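Open the model in your viewer and keep the selection panel at hand. This tour goes from a whole chain down to a single residue.

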Amino acid sequence: MKQDGQPNVPAISIENVSYYYGSRQALNDVSLQVKTGQFTALLGANGAGKSTLFSLITRLFDTAIGEILIDGKSFKTSGSDALAPLGVVFQQTTLDLDLTVWQNLKYFSLLRGMGSKLTTRRIEETLTELEMFERVHELVRDLNGGHRRRVEIARALLHEPKLLLLDEPTVGLDIQTRRVIVNHVHDLANSGKIAVLWTTHLMDEIKDQDHLIVLDGGKIIEDGQVNDVLMRVGAETIEAAFESLVKGEKERLS
Amino acid sequence: MINVHMARAFYGIVMREFLRFFQQRARFFSALVRPLIWLLVFSAGWRQTQGLAPYPPYETYIPYEVYMIPGLCAMIQLFNGMQSSLSMIYDREMGSMRVLLTTPLPRWFILLSRLMASVAVSILQVYAFLGIAFLFTYFEVLDLDIDPIGYLTVLPALIVSGFMLGALGMALSSTVKQLENFAGVMNFVIFPMFFISSALFPLWRIKDLSYAFYQFCQYNPFTYAVELIRFALHGQYYGLGALVVCSTALIAFTVAVYSYDPARGMQAQPKGAKRAG
């Protein structure tokens, strides 16, 4: 099930995407790329358009204006097939609480068309990496929030996706669990086998070597490597850079 | 290759439905207790007042409890169809549906698989009920007199009636925005559908009592599901019933697929918000 991908093709390419809720514009001509081996943080305040963009990438909303290519495949031409290289962790827990960890992962592997032997091997691998294998037969209902989140990440990685998409995955978790998850996902990106798009409004989750995209009012106002962004903006921290960028955008618009 | 994927996904969706069903034991028991109470309590009371003349598919006078069995089978499927729709709304609100919808499978296939999984669960419940009914007859608690071959011939009828009732529930759930609203909708659907039908009284008797009521029953697709099951339990085929049930099922499923919006319940969706088809 490993998604081999095409050489030099971005794991995801978003081209001139706009989106409207009725007459209100939620996304304004958004274009970005996420490449394999890259941890891309999509940073924005609440209401910036992160969740709308996430829903478009996962095809929960239809992309009427612009185009989204996942590993070179567009929804417009490939339909739901374009979702194949995608691993998704939603902001809200989407595990079945009445099933065990194993049953949840088995169910997902079948949805992804994985065979029995491969499923068993991948469940063992992904859960072991996240230090959850010993809890494989426990009901999800009995796990705490941090452990459930780890299971969700394991599930998203089960079919060896080319792009891992996480929508504010650490919301509501304690500092230690957040750190474990943030570090693990960074390690995954650094392994060079996967691209990561991580939406967040928590700036301490972003590291200096990450690729940073700042979304404000539905528009991308900054896109680059964190160190480059800091230099360009003349800020010492991501928080200061973010505030400066948002303030600058407001002044530009007023 | 894609067919193998679809077959595995279908198996996964059915497996999950059964696992959830067996985890929720209260659901299983309530699914059985409800028709059994009707069978034991109501039929015992009403058999004294109900003289049921021979009328197809019956060739002789029958006890009232024999008449009730097909209606109760359909009732199990009706409740299961609505329960399954409720669970779809729950899954949509809890986000589980998003996991399904972000897999590389067509949306119609996902909804069809969910529907078939629900039909399979409803058939299991009906057979459990029929098994208990068989034991009642064996131990002479009641005289239900179901021909053993009827247990087999009823299966296709149960598949299409379960599909119709599940698709109706799915179509309804597609139009409901929140979980809380659906409980009210269920009350307005389940009870009229069940009571304004031939589940409890034969149509000829209803016609004698009230022609208007009889007309309502005739326009209720649930009546045809009940009659289809009734004929099938006696090894007979009811063509009009099959036609109405299959047509209603197809229309309801098409409406469900067309109107299903995964974004409902996810966030406030102002009017005009576009969704994936």
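Start with the contacts of chain B: of those with a separation of 6 or more, 78% join residues 24 or more positions apart. Keep in mind that this is a predicted model.

**Select chain B.** Colour it by secondary structure. You will find 11 helices and zero strands. Follow the chain from the N terminus, and the elements read α-α-α-α-α-α-α-α-α-α-α.

**Switch to a surface view.** Chain B exposes about 12200 Å². Carbon and sulfur atoms supply 68% of that area. What share of the 277 residues in chain B is buried? The figure is 53%.

**Select the nonpolar patch.** Pick F29(B), V33(B), I37(B), L40(B), V41(B), F134(B), L135(B), Y138(B), F139(B) and V141(B). Together they form a nonpolar patch on the surface, with about 1000 Å² of accessible area. Which elements give two or more residues to this patch? They are helix 2 (25–46) and helix 5 (107–138) of chain B.

**Select helix 2 of chain B.** This helix gives the most to the nonpolar patch: five residues.

**Zoom in on F29(B).** Is this residue buried, partly exposed or exposed? Its relative accessible area is 48%. Buried means under 20% and exposed means over 50%, so a value in between counts as partly exposed. F29(B) is therefore partly exposed.

Terms used
Residues are numbered from 1 along each chain as its sequence is written. Chains are lettered from A and ligands numbered from 1 in the order in which they are written. This is a predicted model: local features need pLDDT of at least 70, side-chain atom pairs count only at pLDDT 80 or more; totals for chains, interfaces and linings use all residues. Side-chain values use heavy atoms; hydrogens and water are left out. Patches are made of residues with over 30% relative accessible area and no salt bridge: like charges are joined within 9 Å, nonpolar side chains (Val, Leu, Ile, Met, Phe, Trp, Tyr) within 5 Å. Accessible areas come from the Shrake-Rupley method with a 1.4 Å probe; for residues, only the protein chains shown count as cover. A salt bridge is a side-chain nitrogen of Lys or Arg within 4 Å of a carboxyl oxygen of Asp or Glu. Helices (H or I, at least four residues) and strands (E, at least two) are DSSP runs, numbered from the N terminus. Buried means under 20% relative accessible area, exposed over 50%, partly exposed in between (1.4 Å probe, protein chains only). Contact means heavy atoms within 4.5 Å.
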